[in-house]
Amino acid sequence: MTKKQKKVFVRIIIASVLMIALHFVPVTGYARFALYLIPYLVIGYDILRKAFLGILHGEVFDENFLMAVATVGAMLLGVYQESQGQEGEFAEGVAVMLFYQIGELFQAVAVGKSRKNITALMDIRPDYANIEDESGNLEQVDPDDVEIGTIIVVQPGEKVPIDGVVVEGTSTLNTAALTGESVPRTVREGEEVISGCVNNTGLLKIRTTKEFGESTVSKILDLVENSSMKKSKSENFITKFAKYYTPAVCYSALALAVIPTVINLVMGNPANFTTWLIRALTFLVISCPCALVISIPLSFFGGIGGASSCGILVKGSNYLEALAQTKYVVFDKTGTLTKGVFQVTEIHPEGISKEELLKLTAYAESYSNHPISKSLKEAYGQEINKASVSEVEEIGGHGVTASVDGVSVAAGNAKLMRKLGLSYAEKTNVGTVVHVAVDGVYAGYILISDVEKEQSAEAIQALKANGVKKTVMLTGDSKAVAEYVAEKLHIDEVKSELLPGDKVDAVEALLQSKSAKENLAFVGDGINDAPVLSRADIGVAMGALGSDAAIEAADIVLMDDNPMKLALAMKISRKCLRIVYENIVFALGVKAICLILGALGIASMWLAIFADVGVTVIAVLNAIRCLSVKNV
Amino acid sequence: MKKTYKIEVDCANCALKMEEAAKKVAGVAEATVSFMTQKMKVEFAEGADPKAVMADVVKACKKVEEDCEIYVD
């Protein structure tokens with residue numbers, strides 16, 4: 001509890017004790033009114049003051065005003081009853097104020113607590129950086145003061161405060177706070193490290209490459225902290241709604257107090273003014289719009305906080321809201337659905353063993369730095385003894401010939417085979433085919449291609465399960481490759497052989513063909529995708545750890561490159577929206593019922609207090625559920 | 001130019017009122033108040049002096065919500 005909240009808490013206790021004591025004090029008449037005035041002012045003076053100031057400033061219809069009118073009305077009613085010789089009812093007015101304050105306090109504490117939880121979730125801000133002085137002692141300095149090129153020391157258990165390159169030490173880094181991924185990453189000398197990671201094991205010395213303000217951690221923090229500034233449609237709706245709602249309720253209450261009395265007088269019946277006044281006051285208490293005003297932003301804030309704990313950064317409540325209505329998802333292929341790395345995917349030997357074929361090819365290609373030879377070496381996986389390779393000859397546009405342990409090996413494309421006058425297996429497989437001839441005899445081929453991510457197929461399925469109508473893949477790759485991947489992943493539509501500019505046109509065409517209520521999300525790896533990311537309803541950048549351009553252009557950033565995260569983000573979004581609608585329907589529904597009951601005189605002041613404070617508390621507790629993303 | 005200020009406000013509705021009030025101040029192009037993060041983001045109109053404008057913003061906000069605090073440094 002903050003200082004302010006503690007003060008209110010003390011006032012609540014004093015007022016409650018006084019109320020109970022007054023119940024047993026045998027005083028009658030106006031003296032009782034005077035005594036009840038003490039707890040009333042103790043608990044309600046600030047509300048009365050605010051209501052008064054509000055009227056002075058022309059800000060009439062707010063909750064302070066509603067509470068002040070209702071309770072002052074109730075107290076005056078008691079005085080009126082006394083003047084008629086009856087026993088005045090003063091306890092009710094005080095009780096309304098008391099319960100209102102208890103409810104407000106509870107709400108403030110609950111909101112404060114969930115705010116703390118959410119910000120703790122996002123708290124990746126490093127507090128200091130260690131700099132070694134001449135005598136080898138570590139000095140803690142403000143990361144803001146560290147200049148580019150400074151060597152900083154990160155001890156095990158500490159956060160990396162600034163982006164940089166490791167100059168000394170080996171360690172594993174925990175990136176969970178950034179990506180939600182729990183598998184640690186190993187870093188060695190010469191490798192880049194990103195701020196925000198936690199150093200697990202070894203001491204690292206890092207030369208900073210950026211200023212703190214430009215480092216990954218600062219950018220992410222800035223993004224997340226500003227996310228609730230972009231308000232959702234639901235929030236804007238409630239703001240507008242409250243503008244008309246409160247005055248409408250106040251005038252209705254006034255009408256409720258006046259019209260029946262006037263009608264009674266005209267008809268010659270007893271006026272019954274007090275009965276209708278009580279009903280009007282009850283009406284006012286019920287009508288406070290706080291439940292909606294507080295629970296909706298809280299829901300979105302919770303959803304954004306929960307998402308960021310899984311490595312999904314959402315730039316605004318509006319995007320979280322839009323995500324739930326996503327019907328079209330457009331993917332970039334390379335790096336998004338596929339790994340973007342070439343790998344040996346198939347080995348088809350003829351006359352020799354698979355291992356032998358791979359070994360000979362890897363040896364023959366060992367002098368080349370081409371991506372193809374790199375993936376061959378990687379697939380072979382053993383140390384290559386370069387001494388056994390000789391007479392290497394690269395034939396541009398064809399391949400390579402070499403002598404490996406005295407055996408002549410030719411590895412290359414179909415042209416090379418034709419040139420050597422060999423017959424070879426004609427293959428239309430997707431990817432790059434490396435044909436191999438050993439000692440002038442065709443020995444089979446090795447297929448190298450970009451492989452799909454393990455989670456891609458599952459992710460497409462999960463998106464469909466979450467209401468996505470159509471998935472589209474855009475790629476600059478050849479038609480054969482694109483269709484092969486699309487079929488494997490069950491993607492509905494493919495557009496291949498696109499130039500970067502064509503991607504914007506393709507997305508543009510899709511945007512035109514969909515209805516306004518349906519949203520289109522574009523998912524890319526953030527490289528060269530900026531125009532498409534900003535053109536789509538929701539731009540999603542994937543694997544963005546360390547890519548500034550992507551963080552800037554996208555609306556939603558998936559910190560690691562797992563496409564399943566998009567489905568998870570949609571689930572979080574849908575859950576969040578569901579809770580928002582639950583709260584809107586629940587709060588408005590209960591209030592509508594209570595308002596009718598109040599107008600008919602069935603609802604007492606006590607029910608009115610529940611309709612206000614109780615509903616708010618329930619709505620707040622419901623909104624806090626958005627934070628939990630374990631079982632969405 | 002955009003600037004973000006830390007604020008202190010107790011209720012969501014009061015935050016809305018502050019936002020409305022801040023938007024009306026001369027020299028403010030756009031203002032957003034987030035109750036959840038307790039922050040106010042102000043986009044100043046071209047040529048406006050942030051210091052002078054913020055003094056007016058504080059005044060306007062105090063008028064609609066007495067208890068609010070805006071930390072202008």
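I began by noting what handedness means here, since a crossing is left-handed if the near helix is turned anticlockwise from the far one by less than a right angle, and right-handed if clockwise. I also noted for myself that this is a predicted model.

**Entry: two helices of chain A**

With that definition in hand, I looked up α8(A) and found that it passes α21(A) in a right-handed crossing. The contact rests on A:T282, A:V285 and A:I286 from α8(A), which meet A:M605, A:A608, A:I609, A:A611 and A:D612 from α21(A). I then turned to the geometry, where the axes of α8 (residues 273-286) and α21 (residues 605-624) of chain A come within 7 Å and cross at roughly 15°. Because angles under 35 degrees count as roughly parallel, I wrote down α8(A) as roughly parallel to α21(A).

**Entry: where chain A meets chain B**

I next looked at the two chains together, and here 19 residues of chain A are in contact with 15 residues of chain B. On the chain A side, the elements that give two or more residues are α2 (30-56), α4 (91-121) and α9 (290-309), and α9(A) gives the most, with 6 residues. I recorded the make-up of this side of chain A as 9 nonpolar, 4 polar and 6 charged residues.

**Entry: domains of chain A**

Last, I looked up how chain A is divided, and the assignment lists domain 1 (1-121), domain 2 (129-225) and domain 3 (339-452). Taken over C-alpha atoms, the centres of domain 2 and domain 3 of chain A are separated by 42 Å.

Notes. Residues numbered from 1 in each chain as written. Chains lettered and ligands numbered in written order. Predicted model: local features only at pLDDT ≥ 70, side-chain atom pairs only at ≥ 80, totals over all residues. Contact = placed C-beta atoms within 7 Å. Helix = DSSP H or I, 4+ residues; strand = E, 2+ residues; numbered from the N terminus. Nonpolar A, V, L, I, M, F, W, Y, C, P; charged D, E, K, R; others polar. Axes fitted to C-alpha atoms, helices over the stretch in contact; angles between N-to-C directions. Parallel < 35°, antiparallel > 145°, perpendicular 65-115°, else oblique. Domains from an automatic or database assignment.
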